[in-house]
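Have the viewer open as you read.

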Amino acid sequence: MIDRAGLAAFLRHRRAALQPEDVGLPRGQRRRVEGLRREEMAALCHMSTDYYARLERGRGPQPSEQMMAAIALGLHLGLTERDHLFRLAGHLPPVRGASREEYIAPGLLRILDRLDDTPAEIVTELGETLRQTRMGVALTGDLTSFRGPARSLGYRWFTDPSTRDRYAPDDHDQLSRVFASGLREIVAKRGTRSQAERLAGLLLKESELFRRYWDLQEVGVRPSKGKRFLHPEVGLLELECQTLLDPDESHTLLVYTAEPGGDSYEKLQLLSIIAGSLP
């Protein structure tokens, strides 16, 4: 059963404890409230200000598990705090570990929030993008908007040619091997009833290209640090990819940078103008 008063009090307290710089927002000169404003919190949770305000006032219908997951991310909650939030809303906490849940460790979020001038994203072990910086969206498009199996980059790679068009053609063979090899390893690790197994089954049915690489039986094929993106407006970008792994949640922070003074570095400056126009 939902504890409306407890949920409302917990949300108000956690919002007041977050500062704008904690979530990558400018403080500004006319801030009069302690912590974040409700409209800022609602935007971080991808919901309307009115809906979020009703939760803080103990009103409205019982929020869904999806809403609670979004709020836990927006509030940068730790696992124990997230589980408490779910219980207050009358839901069982999500199972911990590698799953479809979109919990991200607060420390990883804090790093991402400080990279607004750099292309970066947080991805799951199946290549599902959970969060991007604005520069990340400018580089690859909004990868968080996909639903179903298309959330996985590997699935899109083998089923949607436009995904491959974003990468240099000379790299396609190696990337195909990386995706097929990586999925094979995750299936073995997670088991026959896992999301990875279901994704592999879908790809075997839907993609002849995937079947070709799956039949190679490869494991251990790793991507190179260098990434070559074909951007529709600025052209070829040769970037270096640095990674930070959260082993507890099987999430990885990917950060893309260019060597200062080079052609790709200049193109990233152009991308920053594009990013500045994004909502």
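## The largest pocket

Keep in mind that this is a predicted model. Its largest pocket has a volume of about 1,600 Å³. The lining runs to 44 residues, and the ones nearest the centre are Leu44, His46, Leu130, Arg131 and Thr144. Elements that put in two or more residues are H2, helix H4 (65-74), helix H5 (79-88), helix H6 (106-113), strand E2 (129-132) and helix H7 (134-140).

H4 is the top contributor here, with seven residues. Sorted by class, the lining of this largest pocket comes out at 22 nonpolar, nine polar and 13 charged residues.

## The second largest pocket

The second largest pocket holds about 1,200 Å³ of space. It is lined by 44 residues, with Thr124, Glu125, Val178, Pro223 and Thr252 closest to its centre. At least two lining residues each come from strand E1 (120-123), helix H8 (153-159), H10, helix H11 (195-206), E3, strand E4 (235-246) and strand E5 (251-257).

H10 has the largest share of this lining, at 10 residues.

## A serine inside H10

Helix H10 spans residues 172-190, and serine 176 is part of it.

## Cysteines, but no disulfides

How many disulfides does a search of the whole structure find? The count is zero. Cysteine 45 has a relative accessible area of 1% and is therefore buried. Cysteine 241 is buried as well, at 6% relative accessibility.

Histidine 46, not a glycine, has a positive phi near 60 degrees. You'll find histidine 46 in the loop between helix H2 (38-44) and helix H3 (49-56). With 66% relative accessibility, histidine 46 is exposed, and this residue also turns up among those nearest the centre of the largest pocket.

Glutamine 217 is the other case: its phi is positive, at about 60 degrees, although it is not a glycine. Glutamine 217 sits in the loop between helix H12 (208-214) and strand E3 (226-231). Its relative accessible area is 53%, so glutamine 217 counts as exposed.

Note on methods
Residues numbered from 1 in each chain as written. Predicted model: local features only at pLDDT ≥ 70, side-chain atom pairs only at ≥ 80, totals over all residues. Heavy atoms only, no water. Helix = DSSP H or I, 4+ residues; strand = E, 2+ residues; numbered from the N terminus. Disulfide = S-S within 2.5 Å. Buried < 20%, exposed > 50% of the residue type's maximum accessible area, 1.4 Å probe, protein only. 1 Å grid on protein atoms, 1.4 Å probe; cavity = no way out; pocket = protein on both sides within 12 Å on 5 of 7 lines; lining within 4 Å. Points joined across faces, edges and corners; volume = space filled by probe spheres on them. Nonpolar A, V, L, I, M, F, W, Y, C, P; charged D, E, K, R; others polar.
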